[in-house]
Amino acid sequence: MTTPTLPAPTAGSGVEPRPGSRAARLRLPKALDALKAMAAEYGVCIRPVTLRRTDLETGLTEVIDLPCGATREDKCPSCAKRALRLRQVQIREGWHRTDEPNPGPDPATEEQKALIRLRAHLEFGRAQAELASQWDQVAEIDEAIAEVEEAIAAEGLRGRIAPPHHREDQGEEQPARRRRVRSTRRRQDVPDLPRQKVDPRTVGRVYTAPDGRTYQPSMWLTLTLDSYGPVHGVRTASNGRPIPCACGRMHAPDDPIIGTPVDPDSYDYRRAAWDAVHFPRLLDRYWQNLRRAVGWNVQYAGCVEPQKRLAPHAHFAIRGTVPRAMLERVAAATYHQVWWPHADQPVYTLDQLPAWDEQARAWVDPDTGVPLPTWDEALDELDADPDAQPAHVVRFGPQVKAKGVTAGSKDADRTIGYITKYLTKSAADCHPATTDAQREHLDRLWQQLRVTPCSARCANWLLYGIQPKGAHARLRPGACKGKVHQKATLGIGGRRVLISRDWSGKTLADHRADAKAWVRALLGITTTDQDQEQEQSAPVAWEMARPTDPDVPPLEHRLLRAISARIQQRQELQAARERAAGAGPPPNASATTPGYPIWKEAPSGTTADS
Ligand SMILES: [Zn+2]
Ligand SMILES: [Zn+2]
Ligand SMILES: [Zn+2]
């Protein structure tokens, strides 16, 4: 042995690794990570989208970074924080309005236009696939179309863009589709609630104090789902005295066992999964019922997030006041029925699945070869049965929390923070699992979500012996791409932010523009009409730039420049703020605090940042 012998470091001795050793090198923070962390600290987007702008007159090109616009912290902390602040501004501005927003029909937003363009491309692709008899592809495109249409509806466009396609690839002519009458015949039973004509008024009642001063308070509300079995928790009696948990012990508030089932075997994971998937519809129905019950157009803004037991619940700011008893009564009487074929027990398992019969173009039983009922056949059977029950009924739990809040109070701001607390996290990251009990609880819920049907087209229907709508050869039960099946969502797919139409009378883009105008006003920058005209008339072309393009600097260089620009901008803003101190807030700063967000300006005065 020629290597010098040194005493070997004993594992776990807590001794610093030898300088220059591999262990010591691994301890150093990675430079790029440190750079990204600093970018996040300064609110600089860490994964900017690069666009190339070409001036068509001079041929000069410029590479411009735009913020990625992510809403989740784990993707981009800076953009997520910005999105969160924007939502908070939106909630604040709508909450205590004393006048009607009366926005009239909005023009389509940029997001909506982008979705319509995407829908157009899919329509084009579908027609081409149909011409080429690529039925697999047609089915795939149909799925994408359904998804896009869902997104369009979620973006708040009323009605549908185009009627659905009829599939002509089934060999024989399809009977003319008749609209299913089930929705009218077997309506949601009318809950036992007052029913009034809904007045278009959206602002709350005004209260006058004996001294003549008037108050127009607002509320916040928490709606929770039902119990699926006892979970560990901190309990108190009605007199505030602590009482033991269902397991007989007293838990500390930070005990990681809190929220996990006392008896995992009897915890109803199936109902928990179905409830989570259909929770948004239940919330829609709640607002519908509440408006009818109180007779005015109640407005709300809120967020859906998981509780510690991983079931979703929702916090809402409500404009105006509704008696607490009424909020509770409506919650008790509201339910959503899912009129799908029954799916209580799987008929097949992930190891023993139905088979695709190419000749019959249908999924068949693997033993008998008999085709499974199609989606339409299953629904026909449901329609024909006068005693049919819905596949699932979602209801709220008994816990309804409601509280009055006065505009401008400390409570109001704290509540907005509370409502939006988890907005930048994916559902599963809201309460990270750190113990076996938590990990097992999460896993059992996810195993159930994996096999829960998410829509009429979900591959999981095969497990329950039914061919989903638009069935095709490539369906894989347990591997449906629907969001609710992903572990990170806990079944809360898509809509985490719920804001009613006449909330602030502004779109998110309006709020963003307000914020920019405020910063510009503070900095004394005025965009003259001339500038704008010039910008609009200059013929420019935009295209996406790839990171490998020679004119795109490395990400590190772009981040460094952006951090420097941000530091300078902050200093300018701070100086402007000091100059303006005592001069009163600028005109656009209504309902804002000194911590008002700063919006990244794209270089050379362009305003494209969406
Ligand atoms: Zn970003
Ligand atoms: Zn317990
Ligand atoms: Zn699915």
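Modeller: A residue counts as buried if 20 or more other C-beta atoms lie within 10 Å of its own, as exposed if 12 or fewer do, and as partly exposed in between, with the C-beta atoms placed from the backbone. The structure is a predicted model, in which local features need pLDDT of at least 70 and side-chain atom pairs count only at pLDDT 80 or more, while totals for chains, interfaces and linings use all residues. Residues are numbered from 1 along each chain as its sequence is written, and chains are lettered from A and ligands numbered from 1 in the order in which they are written.

Biologist: Why does isoleucine 161 count as partly exposed?

Modeller: Isoleucine 161 has 16 C-beta neighbours inside 10 Å, and the class in between applies because buried needs 20 or more and exposed needs 12 or fewer. This residue lies in the loop between α5 (135–154) and α6 (182–185), where helices (H or I, at least four residues) and strands (E, at least two) are DSSP runs numbered from the N terminus. Leaving aside residues up to four places away in sequence, isoleucine 161 touches Ile116, Arg119, Glu149 and Ile152, a contact being two C-beta atoms, placed from the backbone, within 7 Å. Glutamate 149 is 12 residues from isoleucine 161 in sequence, and their C-alpha atoms are 7.6 Å apart.

Biologist: How do you know that β8 is largely enclosed by the rest of the structure?

Modeller: In β8 (300–306), 7 of the 7 residues are buried, so the strand is largely enclosed. Both of its faces are covered, with Tyr300, Gly302, Val304 and Pro306 buried on one side and Ala301, Cys303 and Glu305 buried on the other. In a regular strand, side chains alternate between the two faces of the sheet. For the whole chain of 610 residues, 26% count as buried.

Biologist: What makes β8 and β9 paired strands?

Modeller: Two strands pair if DSSP finds at least two bridges between them, and β8 and β9 have 7 bridges, in the antiparallel sense. Cysteine 303 stands opposite histidine 315 in β9, and in the hairpin of these strands, with 5 residues between them, leucine 310 takes a positive phi near 75°. On β9 there is also an antiparallel pairing with β5 over 6 bridges, in which the bridge partner of tryptophan 220 is alanine 317. Strand β8 pairs with β14 over 3 bridges, again antiparallel, and alanine 301 stands opposite isoleucine 499 there.

Biologist: Why is one side of β10 and of β14 left without a neighbour in the sheet?

Modeller: The open sheet of 6 strands has the order β10-β13-β5-β9-β8-β14, with antiparallel pairing. Because β10 (335–338) and β14 (497–499) stand at the edges, each has a single partner strand, and one side of each stays without a neighbour.

Biologist: What makes the crossing of α7 and α11 right-handed?

Modeller: A crossing is left-handed if the near helix is turned anticlockwise from the far one by less than a right angle, and right-handed if clockwise. The crossing of α7 and α11 falls in the right-handed class, and these helices pack at an angle of about 65°, with axes 9 Å apart. Such axes are lines fitted to C-alpha atoms, for helices over the stretch in contact, and the angles run from 0 to 180 degrees between N-to-C directions. Tyr269, Arg270, Ala272 and Ala273 in α7 meet Arg444, Leu445, Gln448 and Leu449 in α11.
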